[in-house]
Amino acid sequence: MGGIKDEKSDSCYWIGKDKSFVDHKFNGDEMEEILLNVESKEIRCAHLKKGQLHDLIIERKRERLLTGNIYRGRVTNILHNIQSAFIDIDEGDNGFIHISDILENKKKFEEMFDMDFEATTTSKKGSSKALSDDISKHLKEDQPVLVQVVKEPIGSKGARLTSNVSVAGRYLVLLPNSSHRGVSRKIEDRGARERLKKLIRAFEMPADMGLICRTASAQATQEALISEAHELFNNWKSVMDGFQTSKKPTLLFAESDLIKRVIIQAVDKKLDRVLIDEYNTYQACKKLAARYSDEHFLRIELYRDKVPMFERFNVEREIDRSLRRKIWLSSGGYLFVDKTEAMTTIDVNSGRSTMGGTDVEESLVQINMEAAQEIARQLRLRNVGGLVICDFIDMRLRKNQKRVLDRLKDCMREDSAKCMVLGMSEFGLVEMTRQRSRGSLIQTIFTPCPYCQGSGLIKSLESMTIEIERALKKVINYHQQFALKLSVNPHLYEHMRVIDEEYLIDLAEEKNAKLVVETDDALHLNDYQFYSSINNAPIEI
């Protein structure tokens with residue numbers, strides 16, 4: 001093999017005899033990296049750990065993420081019975097806000113930013129007040145409001161909004177309408193927590209404003225924190241100026257784009273490199289990474305091999321696998337993943353696994369342990385949100401059930417989305433919830449089938465001929481139509497032609513009617529239409 005230097009990137013790649021891309025500095029099985037695949041309408045971000053796909057984000061340019069954006073909105077409708085309102089934010093469907101998102105709610109802030117507030121800053125307002133308050137005291141129709149998106153619009157549901165606005169940076173979060181000050185629970189070092197608490201108490205800021213120290217702030221210098229605090233104040237001032245000058249619903253503040261979030265995440269998590277397959281994005285990433293070079297040396301490299309990057313690293317295969325209903329495990333077991341309106345269900349099966357040895361229980365435990373790890377991974381890759389029910393293979397001993405449950409909880413801790421895992425029932429069922437932040441992988445890539453309306457089922461040909469027989473009797477007996485023409489789908493007609501067509505014609509003759517059957521390519525397999533053969537008018541059944 002010979003070395004070749006990339007003149008544009010100053011990165012050196014080795015080209016093998018098959019002209020393939022080979023990394024000469026790192027063993028792919030040891031490194032942790034991010035791959036960015038950039039197309040004209042889509043950006044895909046794949047997080048790899050030891051060569052395996054760990055997490056996936058797909059962002060369509062016409063469906064940009066709205067979470068964190070701040071808008072000047074307009075109240076369009078108030079629903080007094082559920083203490084809620086719809087608000088136009090100029091993003092297609094109207095956003096939705098509940099009274100609990102209008103009144104200050106300390107608990108929601110704690111859950112949103114995973115942190116503890118100091119007791120001295122507790123607000124007198126609380127979520128309990130929302131139960132007795134009336135939304136009409138706070139909102140009127142056509143009233144301009146300042147709101148922030150806290151949950152992405154999904155399907156026909158508009159974005160979830162709040163008036164408890166926050167302006168987030170890398171290290172800090174500014175709370176313009178709350179006096180709370182706190183530190184992230186994920187900062188476990190007592191010395192770092194005390195240092196940050198002392199620092200945010202010393203900030204000179206209005207008494208009705210609050211500040212949160214995020215996890216990354218534990219490693220930040222005092223100068224960096226002060227600099228970001230000033231930047232957040234300036235951003236908030238721009239938001240208020242925009243609200244005062246604008247006259248209609250408009251975007252006032254946008255969260256960082258995916259590219260910037262990726263670089264910051266890579267620096268914070270001390271990843272080895274970011275590999276990009278598009279030159280302009282590569283240059284932008286280099287400039288962003290240069291800002292944080294003092295904190296962590298992050299390799300930014302341009303992928304230039306002829307084989308598509310996601311194929312080279314087996315990401316494309318993993319994405320295809322995550323779109324299937326059935327997921328095979330290396331032990332020979334498999335998962336069935338099904339989505340209903342209320343929940344996602346995951347069924348664990350032993351499949352082709354061999355129950356070697358005399359301890360069948362332990363064999364089943366090992367399948368369940370592997371399934372728990374794969375379930376956590378599939379939930380991340382598929383971006384499943386809401387209620388999830390996992391049906392593990394039955395185990396007799398409670399200690400084995402606990403082993404599997406502990407493995408599932410450990411694997412779910414790697415998820416950036418907030419998750420809650422409950423206990424395991426005697427039947428091996430585990431209930432859990434996962435925060436729904438954006439549309440799932442299925443919702444992003446697929447659209448409901450227009451033929452079956454997304455159900456995956458249509459009536460059988462036999463069912464259709466039976467239904468047509470009932471309809472024929474009704475048309476003759478009830479509607480008193482005796483000169484009839486029946487139009488059906490050509491595929492259905494081929495099924496009817498052998499037996500059913502002759503039977504239906506004879507049935508009509510018995511009732512002193514005449515029936516002619518013809519085909520219509522425009523008809524659905526589950527549709528048919530009777531016409532009067534006298535005036536060709538359709539007959540409504």
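Start by selecting Arg273 and Glu301: they form a salt bridge, with the closest N and O atoms 3.0 Å apart. Here a salt bridge is a side-chain nitrogen of Lys or Arg within 4 Å of a carboxyl oxygen of Asp or Glu. This pair links distant parts of the chain, since Arg273 sits in strand β18 (residues 273-276) and Glu301 in strand β19 (residues 299-302), 28 residues apart. Strands are DSSP runs of E with at least two residues, helices are runs of H or I with at least four, and both are numbered from the N terminus. Color the two side chains by burial and you'll find Arg273 and Glu301 both buried. The cut-offs are under 20% relative accessible area for buried, over 50% for exposed and partly exposed in between, using a 1.4 Å probe and protein chains only.

A word on what you're looking at: this is a predicted model, where local features need pLDDT of at least 70 and side-chain atom pairs count only at pLDDT 80 or more, while totals for chains, interfaces and linings use all residues. Residues are numbered from 1 along each chain as its sequence is written, and side-chain values use heavy atoms, with hydrogens and water left out.

Next, pick Arg321 and Glu374, whose side chains meet in another salt bridge at 3.0 Å, N to O. Arg321 belongs to helix α8 (residues 315-322) and Glu374 to helix α9, so the pair ties together parts that are 53 residues apart in sequence. Both ends are tucked away: Arg321 is buried at 17% relative accessibility, and Glu374 is buried at 11%.

Lys237 counts as exposed at 52% relative accessibility, and Asp241 as partly exposed at 39%. How many salt bridges does a search of the whole structure find? It finds 27.

Time for backbone angles. Most residues other than glycine have a negative phi. Select Asn383, though, and you get a positive phi of about 55° in a residue that is not a glycine. Asn383 lies in the loop between α9 (360-382) and β23 (386-391), and is buried at 7% relative accessible area. Asp142 is another non-glycine with a positive phi, about 70°. Look for Asp142 in the loop between α2 (127-132) and β11; at 55% relative accessibility it counts as exposed.

Follow the chain into strand β11 (residues 144-151) and stop at Lys151, which is partly exposed at 35%. Select Lys151, Lys157, Lys339 and Arg436 together: they form a positive surface patch. Patch members have over 30% relative accessible area and no salt bridge, with like charges joined within 9 Å.

Finally, zoom out. The chain has 14 helices and 29 strands, and 46% of its 541 residues count as buried.

Definitions and conventions
Patch = residues over 30% accessible without salt bridge, like charges linked within 9 Å, V, L, I, M, F, W, Y side chains within 5 Å. Areas by Shrake-Rupley, 256 points an atom, 1.4 Å probe, with all protein chains shown as cover. Lys, Arg positive; Asp, Glu negative; His and termini not counted. Charge placed at Lys NZ, Arg CZ, Asp CG, Glu CD.
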